[in-house]
Amino acid sequence: MQNKDKRSLLGIELLPTEDIVSILRLSRRFQRSRPKPLFKDKRIALLFYEASTRTRISFEFAAKVLGATTTLVHASASSIEKGESLLDTGYTITALGADVIIIRHPSSGAPHVLAKHVQIPVINAGDGMHEHPSQALLDAYTIQQRKKKLDGLRVAIVGDIFHSRVARSEVLLLSRFGCRICLCGPPELAPEVATTLAPGVTVTRNIGEALRGADVVMVLRIQKERLASLQLNVDEYIANFQLTAERLRMAKRDVILMHPGPIIRGMELSGDLADMPQSTILDQVHNGVAVRMAILARALGIKI
Amino acid sequence: MKTAQNSLLIRGGTVIDPAGKVEGQFDVLIADGLVAEVAPRGKVKGKAADSIDARNLIVAPGFVDLHVHLREPGQTHKETIASGTAAAAAGGFTSVCAMPNTSPVNDSVEITAWMQQAERGAVVNVFPVAAATIGSAGEKLADYAALRKAGAVAFTDDGRPVLNDSVMREALVQSARIGVPLIQHAEDTRLTTGGQMNTGATAFRLGLRGLPPEAESKIVERDVELAKATMAHLHVAHVSTAGALKAIRRGKKDRLRVTCEVTPHHFTLLDEEVRDYDTRFKMNPPLRSGADREAIWAALADGAIDAIATDHAPHALHEKQVEFDRAPFGLIGLETALALAITVLHRRKEIPLRRIVELLSSNPARIVNLRGRGTLAVGSIADVVLFDPRARWTYDARQTRSRSRNTPFDGWQLYGRIVATIVGGRIVHRA
């Protein structure tokens with residue numbers, strides 16, 4: 001059996017580029033072929049310390065369609081609420097015979113701590129402000145679907161970068177393929193330090209500058225739950241950074257508009273923008289299932 | 001001449017006693033708990049019941065740690081006074097200053113006295129540092145005069161810094177009145193909400209909230225101003241930033257009574273070494289940038305930093321093996337302090353051994369006014385450390401005398417090994 005560390009998916013940072021390519025290739029095969037019970041007799045635990053709609057259902061469908069048994073452990077309805085530690089919960093799930101743990105957690109690095117101690121692969125379904133690797137992979141898949149390539153694209157990411165695990169994974173993944181990435185937002189949400197994340201990353205306060213010539217525009221939600229002591233002037237944010245149909249015209253004619261969801265209409269993007277033909281928001285959600293099938297197949301060591 | 005009952009001759013070593021301005025090949029005779037004679041090799045007149053061969057060793061006044069968390073009373077699963085002082089002895093420390101953030105907080109004469117009772121089983125001298133304010137709540141001052149009488153050598157609210165200007169001013173006034181230092185953990189906690197490590201590229205990449213360097217330097221700047229206004233002795237705990245050092249240098253230049261300490265981990269490690277969410281690297285103040293460490297090295301060399309203190313902060317394994325943002329701050333440090341000083345400061349930065357002894361012994365003893373300690377002058381208390389600066393060894397945290405083993409230095413190859421620790425003329429540790 002392959003080493004479990006190589007089958008875990010903790011973040012894009014630790015994922016070799018050839019693995020990114022093979023996951024995307026595998027995702028295409030899953031999306032095109034009829035599902036077979038490849039994961040029969042496999043037990044997959046979804047350990048969720050934080051709310052989720054898309055990611056949870058997507059992983060669950062991916063697992064179940066291919067025949068796995070899944071169980072959802074939610075922090076508020078388990079022994080976690082009684083004070084059981086992350087590691088003890090992990091040991092318990094392993095002892096119950098799980099083959100993989102999918103974890104979502106409000107603390108950055110929680111999946112890494114878990115993976116260091118349990119003997120089964122761990123998949124990061126979003127950890128704090130750190131990474132959300134399956135989202136970045138399904139976004140890369142969606143971009144490839146629309147643009148027929150990843151290499152050398154111009155990508156604008158607008159909104160709350162600082163608190164966003166999606167942004168970090170996105171930047172780390174796309175920069176591997178030579179994309180030029182422009183981050184845009186107010187200093188509190190798009191700090192200069194973000195340019196240190198990967199080569200080819202710039203930061204601007206001017207949304208026009210970010211959008212001009214962009215092949216891909218990605219909009220991120222303002223994460224009210226993570227703002228902590230930060231005071232954000234909503235009107236000012238909307239005036240300067242909200243993506244509108246008019247602003248989107250500054251990008252390339254064949255630009256695609258992406259958003260990892262949940263979207264707050266009228267906040268980070270104008271009310272009707274999500275429904276325009278440039279929008280890939282629902283494609284992203286749809287593609288997520290096939291991409292997560294590929295991630296799970298890799299974790300379970302199943303070849304197709 | 002008669003042989004003193006409790007006597008010990010330290011033969012053939014190299015004495016380094018910066019306070020006594022002695023450095024060279026000397027024998028040291030200890031009798032009845034005091035330094036009886038210091039004489040050139042073979043020239044000691046008195047007779048000794050026992051002797052130690054100190055050839056190839058440095059003989060120095062025992063180390064004084066200004067910043068130790070012994071966790072007792074209240075958190076004996078992390079450490080006890082007995083286990084913490086055993087670790088201190090193994091690290092060459094003959095005196096430790098015990099921080100007041102015990103449970104309950106040491107803001108009383110009773111706890112201060114209790115900590116010094118023989119029943120606690122201390123192996124080295126324990127000098128309590130009492131809370132600056134009642135319950136370390138930052139509001140009402142503790143009774144400094146009574147606490148001083150009970151044995152407190154300084155006051156601090158350590159991890160809960162005094163932010164209120166007028167409370168801080170009053171704390172300085174009161175400590176100046178009885179002639180002891182006020183120790184401040186400089187952190188503007190209004191700027192560090194949710195902070196897990198130094199603000200910067202590594203924190204951003206790991207998605208961890210930062211403790212910005214300004215949170216430290218701003219408080220030090222304010223405190224230096226207050227020290228000027230009150231003429232009190234301000235001691236800045238575990239300085240970690242170039243900005244704070246700048247303010248301290250200004251204070252010293254103005255001839256204020258401002259002193260400070262630095263920890264071995266801050267002169268050794270950088271924030272970029274916080275990889276993989278390893279909570280052994282989580283401490284407060286956090287590991288800082290390369291520029292901060294450069295400033296620390298310069299200040300250690302030129303005297304702007306007065307002392308090395310460990311901030312020994314034991315935590316149980318199960319408390320540390322958790323999500324990074326849920327783990328407590330701190331690491332143990334008593335057993336590795338000298339070796340890190342020699343490995344990093346002496347061997348790499350070429351800081352002379354005399355200066356290292358100053359930083360570990362004579363200066364900290366003077367900062368908290370430990371009379372008769374921090375020197376090997378005849379008549380002083382026989383707190384002595386013998387170490388081999390050239391010995392190479394590997395630190396194994398499983399072998400620690402502490403109850404906890406939260407250290408990032410586990411498995412490190414280090415230079416400089418403690419050979420013997422003597423407290424009041426009695427050998428309390430022998431390698």
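These legends accompany close-up views of a predicted model. Local features here need pLDDT of at least 70 and side-chain atom pairs count only at pLDDT 80 or more, while totals for chains, interfaces and linings use all residues. Residues are numbered from 1 along each chain as its sequence is written, and chains are lettered from A and ligands numbered from 1 in the order in which they are written.

**View 1. The open sheet of chain B.** Here 8 parallel strands line up as β6-β7-β8-β9-β10-β13-β14-β15. Strands are DSSP runs of E with at least two residues, helices runs of H or I with at least four, numbered from the N terminus; two strands pair if DSSP finds at least two bridges between them. β6 (63–68) and β15 (307–308) of chain B each have a single partner strand, so one side of each is left without a neighbour in the sheet.

**View 2. Where β6(B) meets β7(B).** These two strands pair in the parallel sense over 4 bridges. Look for B:Asp65, whose bridge partner in β7(B) is B:Val96.

**View 3. Helix α12 of chain B.** Residues 353–367 reach 20 Å from the first C-alpha to the last, close to the 21 Å expected at 1.5 Å a residue (1.5 Å times one less than the number of residues). A bend of about 45° sits at B:Leu359, taken between axes fitted to the seven residues ending there and the seven starting there. In α12(B), 12 of 15 residues are buried, with 20 or more other C-beta atoms (placed from the backbone) within 10 Å of their own; B:Leu359 is among them. After α12(B) comes B:Asn369, with a positive phi near 55°.
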